[in-house]
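Please look through the sequence and the model below before reading on. The numbered points that follow are meant to be checked against the picture.

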Amino acid sequence: MATITQWRPLSEDVAQFRLQAFPGERFPDYIAGQSIQLFRDGETLLYSIVSAPFETAAHRYMEFFVNRDREFADGETMKFADNATGDFTLKRAEAFRNVLLVGTGTGIAPFISMIRHLHHEKSSGVRYTLIQVSRKFEELGYYKELSAIEAQGDLDFIYIPSVSRPSEKDWRLETLGKGRAGNLLRGMLNLHRSGEAVLPVSLKNQVLNERLDRDSTIILACGSHASVNDIRDVADQKRIRFVKEDW
């Protein structure tokens with residue numbers, strides 16, 4: 001059993017929360033990127049794990065970033081499965097020099113776990129680029145944390161946050177991209193876009209192009225079925241290896 005703590009709505013559509021294991025109980029071991037089943041009032045839920053394995057081992061909690069199609073509350077209890085599931089992990093990318101992660105909406109969840117793990121392990125030798133797209137700024141969720149990891153420079157990591165419905169305030173924020181994930185990727189690869197795509201001011205296409213070499217790059221995408229399919233279409237056009245996790 002476990003207790004919900006730190007239930008934090010970010011908007012009317014998405015929220016973050018932690019699940020703290022009861023004293024004497026522990027969550028199963030997992031690989032960054034995997035999911036776990038939760039059991040609540042006869043309902044079975046499957047969520048990608050946001051926390052990194054080292055965080056769960058040290059502090060006995062799991063963190064999640066979810067759509068608010070159901071509501072939770074601090075203090076609520078639920079059971080969890082004995083095993084984590086899924087093969088949407090960085091093992092799929094082991095043979096590649098450049099790894100592009102593209103998360104839309106709550107599809108960013110497995111990538112947060114991956115980046116936290118990589119940063120903790122001081123991984124080197126691979127270039128990681130993360131595109132995170134939400135409808136509005138407050139739904140980006142992990143913007144400050146990911147920006148800080150990028151700035152520290154311990155990991156060869158570029159973070160590209162974007163909003164698909166930018167407000168007037170968003171347009172003034174130079175560190176923020178504007179546009180959908182597929183169109184941002186089309187712009188990076190010099191393909192025809194179907195809509196608006198503006199990268200953060202500090203990013204240069206030349207730098208990004210070096211991280212998207214066809215023969216040494218893999219794209220991992222997670223999010224809604226429509227957004228993941230759009231990204232796959234871009235990958236197919238450039239014949240870049242592609243792996244997806246959608247819902």
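1. Are Arg-116 and Glu-55 buried or exposed? Both Arg-116 and Glu-55 are buried, where buried means under 20% relative accessible area, exposed means over 50%, and partly exposed lies in between (1.4 Å probe, protein chains only).

2. A word on the basis: this is a predicted model, in which local features need pLDDT of at least 70 and side-chain atom pairs count only at pLDDT 80 or more, while totals for chains, interfaces and linings use all residues. Residues are numbered from 1 along each chain as its sequence is written, and side-chain values use heavy atoms, with hydrogens and water left out.

3. The side chains of Arg-116 and Glu-55 form a salt bridge with an N to O distance of 3.3 Å, the term meaning a side-chain nitrogen of Lys or Arg within 4 Å of a carboxyl oxygen of Asp or Glu. Because Arg-116 lies in helix H2 and Glu-55 in helix H1 (residues 53-59), the pair ties together parts that are 61 residues apart in sequence. Helices here are DSSP runs (H or I, at least four residues), numbered from the N terminus. Arg-116 and Glu-55 also belong to a network of salt bridges that links them with Arg-18, Glu-63 and Glu-145.

4. Helix H2 is mostly covered, with 10 of its 13 residues buried, among them Phe-111, Ile-115 and Leu-118. Just after H2, Lys-122 takes a positive phi of about 55°.

5. Elsewhere, Arg-92 forms a salt bridge with Asp-87, their closest N and O atoms being 3.3 Å apart; Arg-92 is partly exposed at 33% relative accessibility, whereas Asp-87 is exposed at 51%.

Technical notes: Helices (H or I, at least four residues) and strands (E, at least two) are DSSP runs, numbered from the N terminus.
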